[in-house]
Amino acid sequence: MRYAAFVTGPAGAGKSTFCTSFATHLRLSRRTAHTVNLDPAATGDAFEYEPAIDIRELVTLEDVMSEMGMGPNGGLVYCFEYLLENIDWLEEELGGFDDDYLIIDCPGQIELYTHHPFLPTLARALQRMGIRTCAVYLLESQFMEDRYKFFSGVLSAMSAMVNLELPWINIMSKMDLVSPSPSSDTTQPRNGRRARRDIARYLDPDPLLLANARDGHDKIAERENSRFHELNRAIVQLIEDHPLVSFLPLDLTSTESLEVVVSHIDFTMQYGEDEEPKEPRDLDEGDFADME
């Protein structure tokens, strides 16, 4: 049985870094893992790994933009349309991997997950090839510093989940940037630092964070924001009615944190459940000697 994990999420969420750490962890666990690059816009120095399969061998965004006069967004759409039209290329590339774990690094344009049918179509193609597939969505921890920004990320994750229709894991990345306790230093950069006592309300999104949010304490700001309160309440109701999104914290400086995430991905894909049980070995005299 072959397995594939789509690593998705907005730009800057740490997808490529996670792919590298994920593959390294599997290899250290004596499991066969390969990384796949599905970003036709990636540059050579952007990789922390050497992909086993690279969409740029089929089509690159730079070539599409120069030869067809397209912009970056239209060019990216064209690249994925071209990939699906030449799905036999991908099938041939995947043919050399048996009983392997494929980690698929996807582009950071979230409209590919929320609006277009490319990735769902690609996932179905992999499943027809006998590859058991799941998706991972990364959202970086700095989203927690702004409640409105955080819930826009929650809704994007929810939209991608509905669009892809795959077993799904949401991950809050870069948790090493979250301080263990509130800091009195107000000059620190806006890098997502937040007291750990608040984190649980974000990992399992609490709609009341949005319902009670205020961008300012003065009356003028409150009047300006009051017109959005009805919209906020509608979003709160949507999240309460459909509690689909929760996050696993990921700190890549912690091996234990990565192990927890990998174990959840394995469970989501039912990794190893189709393997044949090993025949019990007959005991010999040496075994009894060891027992003594």
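Strand β2 (residues 33–37) and strand β4 (residues 101–105) pair in the parallel sense over five bridges, two strands being taken as paired if DSSP finds at least two bridges between them. Within this pair, V36 stands opposite I104 in β4. The model is predicted, so that local features need pLDDT of at least 70 and side-chain atom pairs count only at pLDDT 80 or more, while totals for chains, interfaces and linings use all residues. Residues are numbered from 1 along each chain as its sequence is written, and side-chain values use heavy atoms, with hydrogens and water left out.

The secondary structure of the protein comes to 13 helices and seven strands; helices (H or I, at least four residues) and strands (E, at least two) are DSSP runs, numbered from the N terminus. The seven strands form an open sheet with parallel pairing, in the order β3-β2-β4-β1-β5-β6-β7. At its edges lie β3 (53–54) and β7 (248–249), each of which pairs on one side only. Strands of a sheet pair through backbone hydrogen bonds, either parallel or antiparallel.

Of the 292 residues of the protein, 46% count as buried, where buried means under 20% relative accessible area, exposed over 50%, and partly exposed in between (1.4 Å probe, protein chains only). Among contacts between residues at least 6 apart in sequence, 74% join residues at least 24 apart; contact means heavy atoms within 4.5 Å.

Strand β6 (residues 168–173) is mostly covered, six of its six residues being buried. W168, N170 and M172 are buried on one side of β6, and I169, I171 and S173 are buried on the other. In a regular strand the side chains alternate between the two faces of the sheet. Strand β5 (residues 131–140) and β6 pair in the parallel sense over six bridges, and E140 stands opposite S173 in β6. The pairing of β6 with β7 is also parallel and extends over two bridges; the bridge partner of I171 in β7 is L248. Together, β5, α7 and β6 make a right-handed β-α-β unit. A crossover is right-handed if, with the strands pointing away from the viewer, the path from the first strand over the helix to the second runs clockwise.

E165 is found in the loop between α7 and β6, and its phi is near 55°, a positive value in a residue other than glycine. At 64% relative accessibility, E165 counts as exposed. K174, in the loop between β6 and α8 (200–203), has a positive phi of about 60° although it is not a glycine. K174 is partly exposed, with a relative accessible area of 29%. Most residues other than glycine have a negative phi, and most peptide bonds are trans. A further positive phi, near 85°, belongs to G130, which follows α6.

Helix α3 (residues 72–85) has 14 residues and reaches 20 Å from its first C-alpha to its last, close to the 20 Å expected at 1.5 Å a residue; the expected span is 1.5 Å times one less than the number of residues. In α3, the buried residues are G75, L76, C79, F80 and L83. Seen down the axis of α3, these buried residues fall within an arc of 140°, so they line one face of the helix; the arc is that of the directions from the helix axis to the C-beta atoms. The buried residues of α3 pack against α2 (61–68), α4 (87–94), α5 (111–114) and α6 (118–128).

In α6, F118, L119, P120, L122, A123, A125 and L126 are buried. Leaving aside its neighbours within four places in sequence, L126 is in contact with A4, F6, L90, L94, I104, I131 and T133. A nonpolar core is a set of buried Ala, Val, Leu, Ile, Met, Phe, Trp, Tyr and Cys residues joined through side-chain atoms within 4.5 Å. Of the 55 residues in the largest such core, F6, L38, L119, L126 and F150 touch the most other members. Helix α7 (residues 147–164) gives the most to this core, with eight residues. Another core, of 25 residues, lies apart from it and includes A5, C134, V262 and I265.

T20 is placed in helix α1 (residues 15–28) and is buried, with a relative accessible area of 16%. Leaving aside its neighbours within four places in sequence, T20 is in contact with E48 and Y49. T20 and E50 are 30 residues apart in sequence and 9.3 Å apart in space, C-alpha to C-alpha.
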